[in-house]
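Colleague: I would like a close look at one part of this model. Please take me through it step by step.

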Amino acid sequence: MAQSVGTGRAVEVAALDKKATLAQFGGTAVSSKPVPFMSTGLSPADIAAANAVLQSGMLRAAKKCEELESRFAAMTGAKHMMTCANGTCALQLAYEPLFKPGDDILVPAWSYIATVSMVVARGCNPIFVDCHADTFQIDMADAARKITRQTTGIAATHLYGCPVDIDAVQALASKHSLKVVYDAAQSHLATWKGKGIGAFGDAVTYSFYATKNLGTGEGGALSCNDDALARKIKLLRSHGETDKYLHESVGYNYRMNDITGAIGCSKLDRLAEQTAQRQKNAARYDAIIARIDGLSAPKTTPGGEAVFHLYVVKMDPARFTCTRDEFCEALKAEGVPTAIHYPRSLPNQPALARFNRNDTPVAESLTRMVFAIPMHHDMTDDHFRIVGEALNKVAGVFRK
Ligand SMILES: Cc1ncc(COP(=O)(O)O)c(C=O)c1O
């Protein structure tokens, strides 16, 4: 007995000694300079492109928005691309012609709120679908179970840069005559079975918010492959105007402007290269995470090529003596910032509580498990060393 108390105390002392090595508790940090979480700046070429528009005086949506539309359409495999004010407007412009008030729309429980809040803004009922625990993408088997007679559409997010199982979405859609909108706000240039994701579904929406893979500050776009739908969306984007002060239908002003368009075109010149860099970074991270017990690397949906807007690690809280938040606090002190996408599932957002049926347990579990680590095209060997050492150090201290 005396011996086991002694052993217990020794274990406690050893744990305290280990904790003391963490920068958070007075130990030496892996790096005194934090690794940048993202890289969002403008290059001299971006600034020159914006300046040229400013000097021209042509500030409204004009040639630069059109150039961004045609180039981005070609790069994403879509026929029509329409720029707009932001990714939320893009969702509204897609949902309005495709979904009717009162419709049941299958939506992911795990996404950014706009995918679902704009379904609600359209007057539709979001039906929450759970996600896969390894890819974090919408689980189409759960979607199939939740189809009702009122279901008319699917709004699926290609989350973190990873495509959803597009074959499964399209198969369910054709079986039940559903309209499909893909939210690709985080997934510029992702592909499915070798084709750009713009080739699939009724519409695909994008955000060009400052932190996105193509970031113009604010901005967005949506694509489709149907001529009549493209015409409707263009009208809706600009007050249904078909001629000067002639309005065929009621619409909005959701237009982009040419300063944003010029920045978008300039950044588009580097997007493919930066995307390839993100993919290489993800492979390096995969190798680091594979060697750390209790952490898992994100998986990509088979058939998809992800573009890693975010690199989201999953921590198994049962394997550690700390919570995910404590783990992230310790990482921050070591010089590795993290971000939680997302601290709540969408059914648990107060704004969406009336649609919560408490039937998305995987999404619920992720709220306590996931954290994103730095991911951008400017990562250096030293950044990888710091992130790797910090993850190993913190996991080593807290592992059960
Ligand atoms: C998945 C997703 N959908 C939609 C949006 C909304 O885009 P925006 O902020 O440009 O309105 C975002 C932006 O964060 C997003 O991540």
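In what kind of crossing, left-handed or right-handed, does α2 pass α9?

Modeller: This is a predicted model: local features need pLDDT of at least 70, side-chain atom pairs count only at pLDDT 80 or more, and totals for chains, interfaces and linings use all residues. Residues are numbered from 1 along each chain as its sequence is written.

The crossing of α2 past α9 is right-handed (the near helix is turned clockwise from the far one by less than a right angle). Helix α2 covers residues 44-56, and helix α9 covers residues 258-290 (helices are DSSP runs of H or I, at least four residues; strands are E runs of at least two; both are numbered from the N terminus). Their axes lie 8 Å apart, at an angle of about 150° (lines fitted to C-alpha atoms over the stretch in contact; angles run from 0 to 180 degrees between N-to-C directions). α2 and α9 are therefore roughly antiparallel (over 145 degrees). From α2, the contact uses Ala45, Asp46, Ala49, Ala50, Ala52, Val53 and Leu54. From α9 come Asp258, Ile259, Ala262, Ile263, Cys265, Ser266 and Lys267 (in contact: C-beta atoms, placed from the backbone, within 7 Å).

Now the domains. Domain 1 is 2-35 + 268-398, and domain 2 is 44-266 (bounds come from an automatic or database domain assignment). Their C-alpha centres lie 30 Å apart. Domain 1 brings 31 residues to the contact, and domain 2 brings 40 residues. On the domain 1 side, α9, β13 (304-305) and α11 (361-366) each supply at least two residues. The largest share of that side, 5 residues, comes from α9.

How values were computed
Parallel < 35°, antiparallel > 145°, perpendicular 65-115°, else oblique. Contact = placed C-beta atoms within 7 Å.
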